[in-house]
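Please have the sequence and the model open side by side while reading.

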Amino acid sequence: MLRAIKEYILTCFRGEHTDYSWDDNAISLRAEACDPILYRYTDGDSLRQFVFIVGFREPISAFYADAEVFYEHLTRWLQQGLPSLSPGQTPQRFEVVKTAAVEKQRYAETQYELVCRLIYYQEGA
């Protein structure tokens, strides 16, 4: 699931947001613990959620300059599309649970996180 979400998020960064990179750990993606099943149907299918955190590290100066605009753009963009999932899984929607907020500030960099969840339909048990 994380791989599909990462590939989807990468499409946002291609071209216009080249300052961010998975390779230098400026962007991170991790799963958050949650109850995955939102609703179980009688035939064994279910409506599920996958909660994840997108983390960013930036110079402090970037936070005050244009970071707010970037995170608003990313939030809107996430809510407009869906990733491709494994067979039997049909994505329904992204939801932003917590908008980008400063998580830590150290010397010359700021770390902040965007908490999201992907709601999807799962066939079978």
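In which strand does Gln89 lie? Gln89 belongs to strand S4, which covers residues 89-106. The model is a predicted one, and in it the side chains of Gln89 and Gln122 are joined by a polar contact of 3.0 Å. When neighbours within four places in sequence are left aside, the residues in contact with Gln89 are Met1, Tyr120, Tyr121 and Gln122.

The protein chain has an average pLDDT of 79, and 72% of its residues score at least 70. Confidence is highest in strand S2 (residues 37-40), with a mean of 96, and lowest in helix H2 (residues 60-65), where the mean is 54. Where pLDDT is low, the predicted coordinates should not be read in detail.

The next topic is the aromatic rings. Searching the whole structure gives five aromatic pairs. One of them is formed by Tyr41 and Tyr121, a tilted pair with 5.9 Å from centre to centre and 55 degrees between the planes. Because Tyr41 is in the loop between S2 and strand S3 (46-59), whereas Tyr121 is in strand S5 (residues 109-122), this pair ties together parts that are 80 residues apart in sequence. Tyr41 counts as partly exposed because its relative accessibility is 32%, and Tyr121, at 23% relative accessibility, also counts as partly exposed.

Phe52 and Phe94 form another pair, which is edge-to-face because the ring planes stand at 70 degrees, over the cut-off of 60, with the centres 5.9 Å apart. Since Phe52 lies in strand S3 and Phe94 in strand S4, the pair ties together parts that are 42 residues apart in sequence. Is Phe52 buried or exposed? Phe52 has 0% relative accessibility and therefore counts as buried; Phe94, at 6%, counts as buried as well. Both rings belong to one aromatic cluster, which is formed by Tyr8, Phe50, Phe52 and Phe94.

Conventions:
Residues numbered from 1 in each chain as written. Heavy atoms only, no water. Helix = DSSP H or I, 4+ residues; strand = E, 2+ residues; numbered from the N terminus. Polar contact = N/O pair within 3.5 Å; in protein donor to acceptor, adjacent residues only side chain to side chain. Contact = heavy atoms within 4.5 Å. pLDDT = per-residue confidence, 0-100. Phe/Tyr/Trp six-rings, centres within 6.5 Å; stacked < 30°, edge-to-face > 60°. Buried < 20%, exposed > 50% of the residue type's maximum accessible area, 1.4 Å probe, protein only.
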